[in-house]
Amino acid sequence: MQRSTERILTTHVGSLGRPHDLLEIMREREHGRPYDADGYAKRVTSAVGDVVAEQVRAGIDVVTDGEMSKVSFLTYVKDRLAGFEPGAGEKLMPPSWQVEIDRFPEYYADYLGKYKDQVSPMMTMVCTGPVTYDGHDQLAIDVANLKAALADHPSVTEAFLPSTSPSGFGRNEYYGSYTDYLSAVAEALREEYLGIIDAGFLLQVDDPWLIEYLSENPATTPEQRRRDAEAHIEILNHALRDIPTEKIRLHTCYGLNHGPRVHDLDFRDIAPLMLKVNAGAYSFEVANPRHQHEWKIWKDVTLPEGKVLIPGLLGHATNYVEHPELIADTIELYAGIVGRENVIAGADCGFSSRASFHPEVHPTVVWEKFAALSEGARIASSRLW
């Protein structure tokens, strides 16, 4: 993993808006209707080439494929894990969402309607048999597409591929305990983690469920939530065993809920647990106005030697373009505490977490956000070096 040794590097979380013509084919594919498989494969390849080129034009140093091939950052695993069946119409609804929905029902009645524009809903998967990894061919295509796109841009500093953490997408009806189930999922996903590393890319583990385990949930106690989070970390670390930590980025966030978010936990209560995950860099929310003030926690939370912070300086829930001076100022706050070489400028979360005709942030705005991030990093670098 490259570090900010000469200037502040820039990156983001991964998911980017898919082009509409790709979404139209993907929608047919997801609903089991006839589609042009060869045309779909070619359009995914060209879409990856396009989004890599846009990242480079905007000045992003550490790029990715935009998850062009995935129906979402999470439920794409339905095509890569054996042992699961579709749930009976069970939409994914984390407990932390329900707490907010109960507090602001009028807002969410309107907000949740936007998800009608995704190519298929995010549904709970049900584990009904032994979990194994069956996604080698799909991963090989992702790897080939990103490598082909990078060949046209030799100036790129580094590239990563995202992969989901073991939690959040499934309900267990096969294994004797939830721990056994989660361990089996983690062991299967380890094959994807290793495949990404073996291909020469950084592995980014997308893990919003770390914070979800800790978040307010009337069905559990704070003590149980803490135990669940600790168990999740232990299982994830086992899946990451023997992978050099400098090749791993962890992304955690407060989820894709673009609402009032008044129930968000203080990041001070999360950061020490996040740092227990055996990764070399940690990506988290900062641009979110519920968390912008939390740069101060790093005066008390010690960043382990050799680790990197990737604070999110671009919001994933707003089409405002952040000002480069604000980005530069925030970079300097973090660099002043943990050291400039230990900071990479990032984003709060993905800009199209699901394959949708109306993603969280319009793609044309995303490129402006990336350009602002790059300019902010340039300003901060001129001050820090």
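The side chain of Glu158 comes to 2.8 Å from the backbone nitrogen of Gln2, a polar contact (a pair of N or O atoms within 3.5 Å, where within protein one must be able to donate a hydrogen and the other to accept it, and where residues adjacent in sequence count only if both atoms are side-chain atoms). This is a predicted model, in which local features need pLDDT of at least 70 and side-chain atom pairs count only at pLDDT 80 or more, while totals for chains, interfaces and linings use all residues. Residues are numbered from 1 along each chain as its sequence is written, and side-chain values use heavy atoms, with hydrogens and water left out.

**Glu158**
- Glu158 belongs to strand 5, residues 158-164, where strands (E, at least two residues) and helices (H or I, at least four) are DSSP runs numbered from the N terminus.
- Although Glu158 is buried, it has no salt bridge, and the nearest side chain of opposite charge, that of Arg249, is 6.8 Å away; here Lys and Arg count as positive and Asp and Glu as negative, whereas His and the chain ends are not counted.
- Buried means under 20% relative accessible area, exposed means over 50%, and partly exposed lies in between (1.4 Å probe, protein chains only).
- Apart from neighbours within four places in sequence, Glu158 is in contact with Met1, Gln2, Asp61, Val62, Val63 and Leu202, contact meaning heavy atoms within 4.5 Å.

- His232 sits in helix 8, residues 222-239, and is buried because its relative accessible area is 1%.
- The side chains of His232 and Ser167 are joined by a polar contact of 2.9 Å, and Ser167 is also one of the residues that His232 contacts beyond four places in sequence, a list that includes Asp207 and Tyr213.
- Ser215 is located in the loop between helix 7 (209-214) and helix 8, and it counts as buried because its relative accessibility is 8%.
- With neighbours within four places in sequence set aside, Ser215 is in contact with Ser96, Arg225 and Leu265.

**Salt bridges**
- Across the whole structure, 25 salt bridges are found, each being a side-chain nitrogen of Lys or Arg within 4 Å of a carboxyl oxygen of Asp or Glu.
- Arg29, Glu30, Lys78 and Asp79 form a network of salt bridges, in which Glu30 pairs with Arg29 at 3.5 Å, N to O.
- Lys78 and Glu30 form a salt bridge at 2.9 Å, N to O; because Lys78 lies in the loop between strand 2 (62-63) and strand 3 (81-91) and Glu30 in helix 1 (residues 20-30), the pair ties together parts that are 48 residues apart in sequence.
- Glu30 counts as buried at 18% relative accessibility, whereas Arg29 is partly exposed at 28% and Lys78 is partly exposed at 34%.
- Asp300 and Arg268 meet in a salt bridge at 3.2 Å, N to O, and this pair links distant parts of the chain that are 32 residues apart.
- Asp300 is exposed, with a relative accessible area of 56%, while Arg268 is partly exposed at 39%.

**Cavities**
- Four cavities of 30 Å³ or more are found in the whole structure, a cavity being a set of points, on a 1 Å grid over the protein atoms alone, where a 1.4 Å probe fits but cannot get out.
- The largest cavity has a volume of about 90 Å³, where grid points are joined across faces, edges and corners and a volume is the space filled by probe spheres set on the points.
- Residues lining the largest cavity include Glu67, Asp206, His251, Cys253 and Cys349, lining residues having an atom within 4 Å of a point.

Terms used
On a 1 Å grid over the protein atoms alone, a cavity is a set of points where a 1.4 Å probe fits but cannot get out, and a pocket is an open set with protein on both sides within 12 Å along at least five of seven lines; lining residues have an atom within 4 Å of a point.
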